[in-house]
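Let's take a walk through this protein, one piece at a time. Have the sequence and the 3D view ready.

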Amino acid sequence: MRIVWEARGSGDPLLLIQGLGYARWSWEPIVPALAERYRVVFFDNRGIGESDKPAGPYTARELAGDALQVLDEAGIERAHVLGASLGGMIAQELAVAAPERVDKLVLCCTTPGGEATVPMPAVTVQLFAEAGSLPPDVALRRFVENALAPDAAPELVEELYRRRLENPPDPVGWPAQAAAGMSFAGVDGSIRAPTLLVTGTEDNVVDPRNTDVLAERIPGARVERLPGTGHLFFWEQPAAFVKIVEGFLG
């Protein structure tokens, strides 16, 4: 699989894994600050950006294999791993499949998978149901708005909307990635890496209560909540998020 990645900074390696429909550009609000302390490696999951886009469906386990490939290509034996949303599911699979490769784990706005998952908020379920009947640009704007807090700055909405228009989802890759999230049944094993769980209190995409479920399942997990932020809290409050991550990783 051709997985396109890049790295910035120096120090302890930190692998960033993004979620459904977002390529590596979407880490821009936090990469510069993190790269002052870490060697930050970030990539396009299969199905988006410049990486290969084979027919799906994909699984979170397959995507975790791609993440391992990135670590191998970057010459990294062991790294901190940070995953958001679908990327958090991928990170969980990685931590169980290759625990010797994962130092500390940061799971953001994600779920435990399977029956333990708190269902997607009704507003997002309705948005998915209506999206097919909307003009594509209208649907895309609504998805952007839904991924942010209700009172998100209009200029932030416009910036993300513009970037999404410039980086449209692939017609093959997007549903294949979505299938990976929908089929994630949880990891088959225990997560032993020291773990930080981060959620936005106004997340309309992944119910914040999923963080509590994960905290019960992962021994010693630390929970941080960013008040008043939505699913993309690393765009809404990047400095606060970086401070939390750095305080955990050391």
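In helix H2, Ala60, Arg61, Leu63, Ala64, Ala67 and Leu68 meet Leu86, Met89, Ile90, Glu93 and Leu94 of helix H3. Contact here means heavy atoms within 4.5 Å, while helices (H or I, at least four residues) and strands (E, at least two) are DSSP runs, numbered from the N terminus. Sort the residues of this contact and you get nine nonpolar, no polar and two charged. For that sorting, Ala, Val, Leu, Ile, Met, Phe, Trp, Tyr, Cys and Pro count as nonpolar, Asp, Glu, Lys and Arg as charged, and the others, Gly among them, as polar.

How do the axes of H2 (residues 60-73) and H3 cross? They come within 8 Å and cross at roughly 75 degrees, so H2 and H3 are roughly perpendicular to each other, a label used for angles from 65 to 115 degrees. Axes are lines fitted to C-alpha atoms, for helices over the stretch in contact, and angles run from 0 to 180 degrees between N-to-C directions.

## Where the model comes from

This is a predicted model: local features need pLDDT of at least 70, side-chain atom pairs count only at pLDDT 80 or more, and totals for chains, interfaces and linings use all residues. Residues are numbered from 1 along each chain as its sequence is written, and side-chain values use heavy atoms, leaving out hydrogens and water.

## The sheet

Seven strands make an open sheet with mixed pairing, in the order S1-S3-S2-S4-S5-S6-S7. Strand S1 (5-8) and strand S7 (222-226) are the edges, each pairing on one side only. Two strands pair if DSSP finds at least two bridges between them. S6 (residues 195-200) and S7 run parallel, joined by five bridges, and Leu196 stands opposite Arg222 in S7.

Helix H3 (residues 86-97) lies across S2 (12-17), S4 (79-84) and S5 (102-108), at about 145 degrees to S4. Helix H10 (residues 238-249) packs on the sheet too, touching S2, S3 (38-43), S4, S5, S6 and S7.

## Inside the protein

The largest nonpolar core has 39 residues, and Trp27, Leu82, Cys108, Leu160, Phe234 and Phe241 have the most contacts inside it. Such a core is a set of buried Ala, Val, Leu, Ile, Met, Phe, Trp, Tyr and Cys residues joined through side-chain atoms within 4.5 Å, where buried means under 20% relative accessible area (1.4 Å probe, protein chains only). H10 gives the most to this core, with six residues.

Key. Parallel < 35°, antiparallel > 145°, perpendicular 65-115°, else oblique. Buried < 20%, exposed > 50% of the residue type's maximum accessible area, 1.4 Å probe, protein only.
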